[in-house]
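Visitor: I would like to learn how to read a structure like this one. Please take me through it step by step.

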Amino acid sequence: MYRSPHVPGIYTEEQIEAWKKVVDAVHAKGGLIFCQLCLLVYQPGGGAPISSTSRSISENWKILMPDGTEDNFSSPRGLDTCEIPMVVEQFRRAAINSIRAGFNGIELHAAHGYLIDQFLKDGVNDRTDEYGGSIENRCRFLMEIIRAVVVAIGSDRVAVRISPVSNYVDAMDSDPLNLRLTVIEKLNTFQADMGLKLAYLHVTQPRVTPSPEQIGTEDEEAKFMQTLRRAYQGTFMSAGGFTRELGMKAVTDGDADLISYGRIFISNPDLVYRFKIDAPLNKYVRETFYTHDPVVGYTDYPFLNQEGNDKDSHMTKVYS
């Protein structure tokens with residue numbers, strides 16, 4: 001489920017061929033690139049978006065329409081039990097297509113209210129079949145997808161992203177720590193039983209969408225994340241609100257193996273170099289994040305010392 005129009009897919013031959021150009025450009029610069037997989041809210045033929053539930057999302061959340069306006073979400077359609085294997089197959093096929101396009105791996109987006117997250121969290125999942133109810137059942141969909149894609153492309157090319165505490169599109173859980181520890185336990189067991197390792201586990205910091213009633217103070221949030229990090233037996237990536245300094249501290253303190261940067265990487269195409277020399281950063285413009293313009297908001301941010309990149313209009317030591 002994706003909440004923005006014009007999102008590129010990877011399910012047609014034309015899309016695979018187009019992605020090869022992007023992947024080749026990243027590899028030419030010595031980089032690695034993973035394809036993050038999720039299902040679109042926009043369904044073929046204008047059908048209802050699929051979900052773990054048929055309950056509507058509250059009007060507190062809006063969907064971005066193709067013309068740039070916002071509107072309420074359409075009511076979803078809860079998947080029938082017999083349909084779930086077909087959705088698992090869609091993830092498997094997308095993973096294969098990603099490798100065909102040259103991606104180094106894929107990241108299953110099981111966070112932020114997307115489809116897998118809707119199955120994981122009891123604030124959304126109201127199913128009465130084997131995919132609902134207990135934490136064990138709610139994890140079943142994710143684990144079936146992981147098994148399918150690992151068999152298809154190899155474990156070292158598969159990563160998973162989760163958001164322990166997130167209220168995106170009403171996707172909340174009554175016991176976020178227990179749910180995430182259960183997910184991690186299942187990932188650890190899967191890796192041990194299969195004698196393999198996933199590429200990494202990508203975890204979003206609670207501060208991105210804070211829920212004070214569930215986490216509380218900054219110290220409690222830190223302990224929450226440290227508990228997850230200690231529990232996971234593999235490479236642990238953390239994301240959400242990291243500055244250069246916070247990222248370095250997290251790695252030095254052993255709270256993460258890798259740090260993910262999103263917003264400031266969009267506005268700073270040379271972010272790694274800027275971090276290396278501790279240079280100021282371009283401010284990002286959030287309003288341009290989810291447009292389909294091929295230039296504005298994505299390829300128009302200047303490199304360091306590029307003409308027009310002056311302190312007053314483009315550069316800052318902090319970001320909001």
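Predicted model: local features only at pLDDT ≥ 70, side-chain atom pairs only at ≥ 80, totals over all residues.

Visitor: How many helices and strands are in the chain?

Guide: The chain has 11 helices and 12 strands. Its radius of gyration is 20 Å, close to the 20 Å that the globule rule gives for 320 residues, so the chain is as compact as a globular protein of that length. The C-alpha trace spans about 60 × 45 × 40 Å along its principal axes.

Visitor: What percentage of the 320 residues is buried?

Guide: Buried residues make up 48% of them. Among contacts with a separation of 6 or more, 69% come from residues 24 or more positions apart.

Visitor: Now the sheet. What is the order of the strands in the open sheet?

Guide: The open sheet has 6 strands in the order β1-β6-β7-β8-β9-β10, and the pairing is parallel. At the edges are β1 (34-37) and β10 (258-260); each has a single partner strand, so one side of each is left without a neighbour in the sheet. On average, neighbouring strands are turned by 25 degrees against each other, direction ignored.

Visitor: Which strands are joined to β8 by bridges?

Guide: One is β7, which runs parallel to β8 and is joined to it by 4 bridges. In that direction, A159 stands opposite Y200 of β8. Another is β9 (residues 236-239), also parallel, with 4 bridges to β8 (residues 200-204). Here T204 has A239 of β9 as its bridge partner.

Visitor: Which way do the residues of β8 point?

Guide: Start with the general idea: in a regular strand, side chains alternate between the two faces of the sheet. In β8, Y200, H202 and T204 point one way, while L201 and V203 point the other way. The strand is mostly covered, with 5 of its 5 residues buried.

Visitor: Next, a helix. Where does α5 lie?

Guide: Helix α5 (residues 140-153) lies across β6 (105-110) and β7 (158-162), and runs at about 175 degrees to β6. To check its length, take 1.5 Å a residue: the 14 residues should span 20 Å, and the end C-alpha atoms are 20 Å apart, which agrees. Just after the helix, G154 takes a positive phi of about 100 degrees.

Visitor: Which residues of α5 are buried, and what covers them?

Guide: The buried ones are F141, L142, M143, I145, I146, A148, V149, V150 and I153. Their cover includes α2 (84-100), β6, α3, α4, β7 and α6.

Visitor: Let us turn to the loops. Is S163 buried or exposed?

Guide: S163, in the loop between β7 and α6 (176-194), has 1% relative accessibility and therefore counts as buried, the cut-off being under 20%. Beyond its neighbours within four places in sequence, S163 is in contact with A110, A111, H112, D117, K121, R180 and T204.

Visitor: Where does R127 lie, and what does its side chain reach?

Guide: R127 lies in the loop between α3 (115-120) and α4 (135-138). Its relative accessible area is 11%, so R127 is buried. The R127 side chain reaches two backbone oxygens: that of L79 at 2.7 Å and that of S52 at 3.3 Å. Leaving out neighbours within four places in sequence, the contacts of R127 include S51, G78, D80, T81, I84, F119, G132 and G133.

Technical notes. Residues numbered from 1 in each chain as written. Heavy atoms only, no water. Helix = DSSP H or I, 4+ residues; strand = E, 2+ residues; numbered from the N terminus. Buried < 20%, exposed > 50% of the residue type's maximum accessible area, 1.4 Å probe, protein only. Polar contact = N/O pair within 3.5 Å; in protein donor to acceptor, adjacent residues only side chain to side chain. Contact = heavy atoms within 4.5 Å. Pairing = 2+ DSSP bridges. Axes fitted to C-alpha atoms, helices over the stretch in contact; angles between N-to-C directions. Expected span 1.5 Å × (residues − 1). Rg over C-alpha atoms; globule rule 2.2 N^0.38 Å.
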